[in-house]
Amino acid sequence: MRQFLGLAAAVTTAVVGLPAPAASAAVTTLFVNNADPTRCSDTGSGTLAQPFCTVSAAAKVVEPGQTVRVMPTSGGYFGDVVHITRSGTPEQPITFLGGPITRDAQSMPLLEASSKEAGSTFVVSNAHDVVIKGFRQDRRKNPVVITDSSRITVEQNWFQNSSGTADIRISGNSDHVTVARNLFPDTLGVAVDAGVRSTLITANDFSRTTTSAVTVKDAPQTAVTNNTIAFSCEESVLIDGASPGAVVENNVITADHPDTTKDYPAECDAAHRGEAEISLSVGSVADSKVDFNTVHPWPGASTYRWSGTGYPTPAAFTAATGQAAHDIDLDVAFEEAFPAWPFHPLPDSARAATDSADPAAPGVGTDLYGSKPLDDPRSESTAPNVGGFRDRGAYENVGLQGSLSVIGDSFHSPHGPIPLTVRATASASDGFGGSPISYSFDFGDGSAPVVSTAPEATHTYTVVGSYPVTVTLTTASGARVTPDPTFAKANQPGPLTVDFTTWTDGGGNAIFSPTATSPWDITAGRINFGDGSGDHAWYPSQNPNVRYHAPGTYTVTVAATDATGKEVVTTKQLKVVFDAEHRALLDGEKVQVLARTDGGLVGAVGNFTQGVWGPAAAVPNGGPAAADITSVADSVTSTQYLRAVVLANGRIRYIERNLGGWRFHGVSYIGPGDWSPWTEPTEASGLGPLAGITQIAAASIGEQTHVVALAGGRVYEATLDAGFRWTAWGDVTAAAKLPAGTTQIAAGTTGNALHIAALGADGRIRVADGDYTRGTWSSGDITGAIGSPGTVTQIAGAALGSKFHVLALVGGSVFQASGDYAAGRWSSWANVSAVVGRQGAVTQLSAAGTGNTLRLFGVSGGHVYNANGDYTAGRWSAWGDVTAPGAAGSTAPVTGTSAAGTG
């Protein structure tokens, strides 16, 4: 492998550390930090005090031996394509440096584009001796492009959400390019184009690439070593064209297949999977080597393709070619859940891959995190050559774990006013016995790391900013780990202030946006809406909300406490105004009226306590067609749910409306005035069929609604309970001994009794009474008791207290009689129309009871009129036009109504 000796040496130098710049260099570090636009400048000198705003500005002036340090506190460099044309030397490379790679990547500066179509992050052209390290590159098109360049190293970057053709593309007359220790989740992998020579791709983690993880074409002497490649589309490693002298060693490769990735598959189908996981073309097999890999293919697919021939297993491949003598088929069970994703270290079940890599392969040095090869005492494997214990894949099992905590000297908070002093403390667990451990603390503000054998360091911030604090733990044996960062935040000194804004609608809903500013952490917040519900906790970024149940002016108090224990309170007056629609839904005596029009059902709520009608509005779509509706009935339960029952084409349709506050309805909450979906009771719901229905009525007792149906001249009844369960139809005509031939019905309830008024073909009105306490039915002929008001064309019913009121329409006039079930007597018929004044002939009527008032609704001339009989005051109001502007309002002519009351 002589052709790779120089390359391996170059990589080792990059891993151990960048060479120190020459003593004569006046400036070794150029800083980039756009977190504070007022402090940075692209025309300045790039000092820590006045950094560059963009990476591009630093790239235009950087000299050999200098490092462009892009601070993790920086924001995204939107649209900033960094063109690198300046070169370093082998002894003094130019380095673009971000932060250490950790699970949450917050220590890495994010170079983010506004869309996936934005240009590359770094474009290297005709340059040499350049290092790009420690960046998170998101939503870029071909993030890194290297053309006609030498000795370029791209290491420990995190690529994600990319587009184009590759995340790293190497092309032109390029040589000795190293792609090492990078993360490639859900990306397009690495592409090496024709003419490129001596490329090293090592210790990278590729997962779910939508192309081959590594694609090489007409590029000789390419080494692909110690990579972890999980669930790629197409081939995992494709060496194509004329690419002799390739080395594919020490990789852990597991193909995407349903048994292991069914919950999170790669974005490719079977038609786009590769012919084999490792493929070398006819023109690439000369002087090439494949060995020491673990490879698990797609089900039924080849593991290798060598010079055009596929081989299903390592044994078959070795027998035919002599290659892959140390390869094994190992289906590695990677941990895919957060927080492991997108890292794919070897699980304990993959012991065959530990301590079994070829230490002489090109690029074998540190793993993705920077750890050296270590002897895993749990492994039964031995290194193939003396002095090497490298694991296969991108990760080395090192037995080292660490964590970091950061507190402030004042109030223990790492956030506070400048000057802010913080104390960082690391903890370590070394399972392999590699101690002693050294600690390198980086406080994220450009100051030199604090390196110590003590697990603690202090630092004082004097410049405002948010700084990721990291620590790198290193054992004497070379194990290395960088735990997730902890942020310190240095703020301008100042007082604790509290304020809030409010958004309200016309329904009493209010959303509050409290803000609290302090150089210290906000530790607690409370808000009092002034509605009697007391204090409620809130926290920054939360938006507390409340629904006021009545209009008025409320005193709202918002308070916040910071880490010093100080509390500041602010108070404002909030005027809550309800529009007519929502005022009608407030507590009080309410009536829901359903009106039939040629366009369908229209509903409106009148709140007589508030003295307002809500606007008329169509009942939600999905119900029966207007032309199919022949009867409508409604009733309100004790929990203020309107239950509307509609007869259409002989079938019953059902819908509910919430007339109260926020309520749980079946499986979700519905707000005031909201409607449930339409349903159609069927045999499956328990109701069962009833043929020939011509009219329906409804009345509720508590949360149960009784639906009464007239079919074939007989009266039937079924019950809908609070759990939306229906009983089967019961024959009221038989139970109450009503004569056959009923032509119209009306219903109401008093106490635990259901009353059904039945108009017979003989013109007589009878009432059937169902006593649900005793479980008995009875009936009586009220026409025989109090006489007849005349030829009755329609009846309606409503209950007030212990009285059931029967209303009869005779010659366009409304008559009313009351059955007092507490006193045991019926009143005589009274001519209501004569009292309330004629408004033209009434063609259809309905009634509802609220409190001790009978609410009468009559249709005349396409309008709905309302008159109210107040039995406490002993008087009737005059007719009022419900459909007139200023009331519910309606432009469609009304042909019929149904009314139900509450409160």
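1. Basis. The model is predicted: local features need pLDDT of at least 70, side-chain atom pairs count only at pLDDT 80 or more, and totals for chains, interfaces and linings use all residues. Residues are numbered from 1 along each chain as its sequence is written, and side-chain values use heavy atoms, with hydrogens and water left out.

2. Three-stranded sheet. Strands S29, S31 and S34 form an open sheet in the order S29-S31-S34, with antiparallel pairing. Strands here are DSSP runs of E with at least two residues, and helices are runs of H or I with at least four, numbered from the N terminus; two strands pair if DSSP finds at least two bridges between them. S29 (400-408) and S34 (456-461) are the edge strands; each has a single partner strand, so one side of each is left without a neighbour in the sheet. The twist averages 20° from one strand to the next, with axes fitted as lines to C-alpha atoms (for helices over the stretch in contact) and angles running from 0 to 180 degrees between N-to-C directions.

3. Pairing of S29 with S31. Nine bridges join S29 to strand S31 (residues 420-430), and the two run antiparallel. Ile-407 has Arg-423 in S31 as its bridge partner.

4. Four-stranded sheet. A further open sheet has four strands in the order S41-S40-S43-S44, again with antiparallel pairing. Strand S41 (535-537) and strand S44 (567-576) stand at its edges with a single partner strand each, so one side of each lacks a neighbour in the sheet. Neighbouring strands are turned by 25° against each other on average, direction ignored. Strand S40 (residues 522-528) pairs with S41 over three bridges in the antiparallel sense, and Arg-526 has Ala-537 in S41 as its bridge partner.

5. Cores. A nonpolar core is a set of buried Ala, Val, Leu, Ile, Met, Phe, Trp, Tyr and Cys residues joined through side-chain atoms within 4.5 Å; buried means under 20% relative accessible area, exposed over 50%, partly exposed in between (1.4 Å probe, protein chains only). The largest core has 57 residues, of which Phe-96, Phe-122, Ile-168 and Val-290 touch the most other members. Helix H2 (residues 55-59) supplies the largest share of this core, four residues. Leaving aside residues up to four places away in sequence, Phe-122 touches residues including Val-55, Phe-96, Leu-111, Phe-135 and Val-145 (contact: heavy atoms within 4.5 Å). A second, separate core of 25 residues includes Leu-400, Phe-432, Tyr-461 and Ala-488.

6. Salt bridge Arg-103 to Asp-484. The count of salt bridges is 24, each a side-chain nitrogen of Lys or Arg within 4 Å of a carboxyl oxygen of Asp or Glu. Arg-103 and Asp-484 meet at 3.1 Å, N to O. Arg-103 lies in the loop between S4 (94-97) and S5 (110-112) and Asp-484 in the loop between S36 (480-481) and S37 (486-491), so the pair ties together parts 381 residues apart in sequence. Both ends are partly exposed, Arg-103 at 40% and Asp-484 at 24%.

7. Other salt bridges. Asp-129 pairs with Arg-151 at 2.8 Å; Asp-129 is buried at 4% relative accessibility, whereas Arg-151 is partly exposed at 37%. Glu-656 and Arg-643 form a salt bridge at 2.7 Å, linking strand S51 (residues 651-658) to strand S50 (residues 641-648), and both residues are buried.
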